Every structure is written in structure tokens, then in C-alpha cells.
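Please read them with the coordinates open.

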Amino acid sequence: MPIRYHSEIQDDCLWVKIEGSLCSAEEMVNYVGKVHEDLSLTGLSKVLADETRCHVHMNLQTLGEALKEIHKSDHLQVPERKSAVVSSNINHMLFQHIFNSVKHVQVFTDMDAARTWLMEE
């Protein structure tokens, strides 16, 4: 299933919903780039990403290439940004691994917990 992306402003943060399958490094890099672009356009510094209906279908080599590209860009390293990613239970450990080294990103499986963390100062 192709990726479906939607974003809107809610409670002074960018709420992003992605559904479908990330099957290539290019799709993953484009997704992170789109979130970065939307944050820049709105002037917001917080993002709540609902990825509970998103599945990663890449082998480890392809996933590694995607992560290398994402971490090479400045998209995840903007100090004033704070991102809460809500994943499905099946993707939780993978997403924790992906974002473990990024200071301002936390991964959750519960939307309420993610919102609470995101709104903390």
C-alpha cells in the first residue's frame, strides 16, 4: 500500500498521520523531509507523529541506508524541536532503535503518553 501522509495543526503542534508501508529508503527519507518541511512552513517546534498504521518493509541494508541519509540531514537535529512518535506495538522496538540517538525524539505506543511528554516544558 502506498504511503498516505496528512498533517494539521493541533494544540500548538504539528500532528502528522502516516499510513501504509515504507518499502524503500527513498520513501522513508522523503517522509522525514516532509515532516521537516511542514514544521518549517508552520513555524512550529513540536510534532506528534501517529505512525500506528505505518509498517516498515525493508531489509536491514536498505533500512541502514535510509537511516544514514536521515541522520546525515539536519532534519532531526534542530535543537528547539521536540517530536513524539507513536508506533504500533510491532514496530515499537524498531522505531526506538531508529530514534534512540536523537535527543529530542521519543517513541511511544500510547497517544496520551506521547501528548503528555510533548507538552511538557
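1. A residue is called buried here when its relative accessible area is under 20%, exposed when that area is over 50%, and partly exposed in between. Cys54, with a relative accessible area of 0%, therefore counts as buried. Please keep in mind throughout that this is a predicted model.

2. On the cysteines, the structure holds zero disulfides. Cys13 takes part in none, and the nearest cysteine sulfur to its own, that of Cys54, is 19 Å away. Cys54 is likewise in no disulfide, its nearest cysteine sulfur being that of Cys23, at 9.3 Å. A disulfide would call for sulfur atoms within 2.5 Å. Cys13 is itself buried, since its relative accessible area is 3%.

3. The sheet is open and has five strands in the order β1-β2-β3-β4-β5, with mixed pairing. Its edges are formed by β1 (4-10) and β5 (105-108), each of which pairs on one side only. From one strand to the next the twist averages 20 degrees.

4. Both senses of pairing can be followed in individual strands. Strands β1 and β2 pair in the antiparallel sense over seven bridges, and within this pairing Ile9 has Leu14 of β2 as its bridge partner. Strand β3 (residues 46-56) and strand β4 (residues 82-87), by contrast, pair in the parallel sense over six bridges, with Ala49 bridged to Val85 in β4.

5. Helix α1 (residues 25-42) lies across β1, β2 (13-22) and β3, and runs at about 165 degrees to β2. Helix α4 (residues 111-119) also packs on the sheet, where it touches β1, β2, β3, β4 and β5, and its direction makes about 175 degrees with that of β4.

6. As for solvent, Asp11 counts as exposed because its relative accessible area is 59%, and Asp12 counts as exposed because its relative accessible area is 61%.

7. A search of the whole structure finds two aromatic pairs. In one of them, Tyr5 and Tyr31 are arranged edge-to-face, with 6.1 Å from centre to centre and 70 degrees between the planes. This pair links distant parts of the chain, as Tyr5 belongs to strand β1 and Tyr31 to helix α1, 26 residues apart.

8. Phe108 is classed as buried because its relative accessible area is 15%, and Trp117 is classed as buried because its relative accessible area is 18%. The ring of Trp117 has a further neighbour to inspect, for the charged end of Lys82 sits over this ring, 4.6 Å from its centre.

9. Which residues does Asn91 contact, leaving aside its neighbours within four places in sequence? They are Cys54, His55 and Val56. Asn91 lies in the loop between β4 and α3 (92-99), and although it is a loop residue, Asn91 is buried, with a relative accessible area of 7%. Its C-alpha is 14 Å from that of Met28, a residue 63 positions away in sequence.

How values were computed: Residues numbered from 1 in each chain as written. Predicted model: local features only at pLDDT ≥ 70, side-chain atom pairs only at ≥ 80, totals over all residues. Heavy atoms only, no water. Pairing = 2+ DSSP bridges. Helix = DSSP H or I, 4+ residues; strand = E, 2+ residues; numbered from the N terminus. Axes fitted to C-alpha atoms, helices over the stretch in contact; angles between N-to-C directions. Contact = heavy atoms within 4.5 Å. Phe/Tyr/Trp six-rings, centres within 6.5 Å; stacked < 30°, edge-to-face > 60°. Buried < 20%, exposed > 50% of the residue type's maximum accessible area, 1.4 Å probe, protein only. Lys NZ or Arg CZ within 6 Å of the ring centre and 35° of its normal.
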